[in-house]
Amino acid sequence: MNFHTRKWIKPEDLNPNGTLFGGTLLRWIDEEAVIYAIVQLGNPHVVTKYISEINFVSSARQGDIIELGIIATHFGNTSITLTCEVRNKITRKTILSIDKLVFVNLNEDGIPTPHGKTEITYAYMSIDKTNKD
Ligand SMILES: CC(C)(COP(=O)(O)OP(=O)(O)OC[C@H]1O[C@@H](n2cnc3c(N)ncnc32)[C@H](O)[C@@H]1OP(=O)(O)O)[C@@H](O)C(=O)NCCC(=O)NCCS
């Protein structure tokens with residue numbers, strides 16, 4: 001799993017307890033994951049179908065730098081399944097994990113349609129040809 005996106009936790013990202021608001025983190029993850037799915041499937045018409053249990057392992061605080069990691073674990077007929085981990089960039093302590101995020105590939109009429117992919121294809125090839133996530 002590669003951690004491409006980093007976030008710097010700011011005052012507007014906090015809950016009243018002074019730690020990172022879970023809803024904000026989930027919005028970041030959903031966007032990161034759908035971009036990953038769009039890139040892998042080569043189709044901008046992709047929607048979130050299912051998100052499994054979300055484990056908020058530890059909190060993040062103002063000033064922390066966190067990073068979001070996503071990787072595809074299964075290519076279905078019309079779907080792609082991803083797994084996600086968020087961690088503190090400096091300490092590497094896990095902040096959140098989600099076992100499964102399922103996205104569905106749609107046609108222009110919004111109907112699930114086969115994507116024809118069976119493995120990770122977009123992998124920042126120009127940087128490292130062995131890096132497949
Ligand atoms: C996405 C949507 C078009 C799928 O419709 P559907 O009738 O469930 O479609 P299908 O039954 O053909 O399933 C499509 C794929 O999703 C998978 N799927 C369906 N329900 C699932 C579930 N509960 N968990 C995991 N995967 C599921 C199916 O296995 C299938 O994948 P496959 O083709 O790789 O085997 C429809 O559910 C929808 O529009 N949902 C709202 C999406 C949305 O607005 N997301 C943003 C929410 S904020």
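Q: What counts as a strand, and how are strands numbered?
A: A strand is a DSSP run of E with at least two residues, numbered from the N terminus. The model discussed here is predicted.

Q: Where does that numbering place arginine 92?
A: Arginine 92 sits in the loop that joins strand 5 to strand 6.

Q: What stands out about the phi of arginine 92?
A: Its value is near 70°, which is positive in a residue other than glycine. Most residues other than glycine have a negative phi.

Q: Why is isoleucine 29 called buried?
A: Buried needs 20 or more other C-beta atoms within 10 Å. Isoleucine 29 has 22, so isoleucine 29 counts as buried. Its place is in helix 1.

Q: Which residues does isoleucine 29 contact, leaving aside neighbours within four places in sequence?
A: Leu68, Cys84 and Val86. Contact here means C-beta atoms within 7 Å. Isoleucine 70 is 41 residues away from isoleucine 29 along the chain, with 8.8 Å between the C-alpha atoms.

Q: What makes leucine 14 buried, partly exposed or exposed?
A: Leucine 14 has 16 other C-beta atoms within 10 Å.

Q: Where is leucine 14, and which residues does it touch?
A: Leucine 14 belongs to the loop between strand 1 (2-8) and helix 1. Not counting residues up to four places away in sequence, leucine 14 touches Thr19, Leu20, Phe21 and Gln62. Glutamine 62 is 48 residues away along the chain, yet the two C-alpha atoms are separated by 7.3 Å.

Q: Which residues have the most contacts inside the largest nonpolar core?
A: Ala33, Ala37, Leu82, Cys84 and Val86, in a core of 23 residues. Two or more core residues come from each of helix 1 (22-41), strand 4 (65-75), strand 5 (79-88) and strand 6. Helix 1 gives the largest share, 6 residues. In soluble globular proteins, nonpolar side chains tend to be buried together.

Q: What does alanine 37 contact beyond its neighbours within four places in sequence?
A: Val46, Ile80, Leu82 and Phe103.

Q: How do you know which residues surround the ligand?
A: The cut-off is a C-beta atom within 6 Å of the molecule. Val47, Thr48, Lys49, Tyr50, Gly76, Asn77, Thr78, Ser79, Val102, Val104 and Pro112 surround the ligand. Strand 2 (46-51) and strand 6 (94-105) each supply at least two of the shell residues. Strand 2 gives the most, 4 residues.

Q: Why is serine 79 called partly exposed?
A: Serine 79 has 19 C-beta neighbours inside 10 Å. Serine 79 lies in strand 5. Beyond residues up to four places away in sequence, serine 79 touches Lys49, Val102, Phe103 and Val104.

Q: What does UniProt place at residues 1-109?
A: The unreviewed UniProt entry gives the feature "domain: HotDog ACOT-type". Over residues 1-109 the chain is 18% helix and 45% strand. The end C-alpha atoms of this range are 33 Å apart.

Q: What is the mean pLDDT of the chain?
A: The mean is 92, and 92% of the residues reach 70 or more. Residues 125-133 have pLDDT below 50, with 10 contacts in the model beyond near neighbours in sequence. Where pLDDT is low, the predicted coordinates should not be read in detail.

Notes: Residues numbered from 1 in each chain as written. Predicted model: local features only at pLDDT ≥ 70, side-chain atom pairs only at ≥ 80, totals over all residues. UniProt positions renumbered as here; feature names shortened; annotations may be inferred. Core = buried A, V, L, I, M, F, W, Y, C linked by C-beta atoms within 7 Å. Buried ≥ 20, exposed ≤ 12 C-beta atoms within 10 Å, placed from the backbone. Contact = placed C-beta atoms within 7 Å. pLDDT = per-residue confidence, 0-100.
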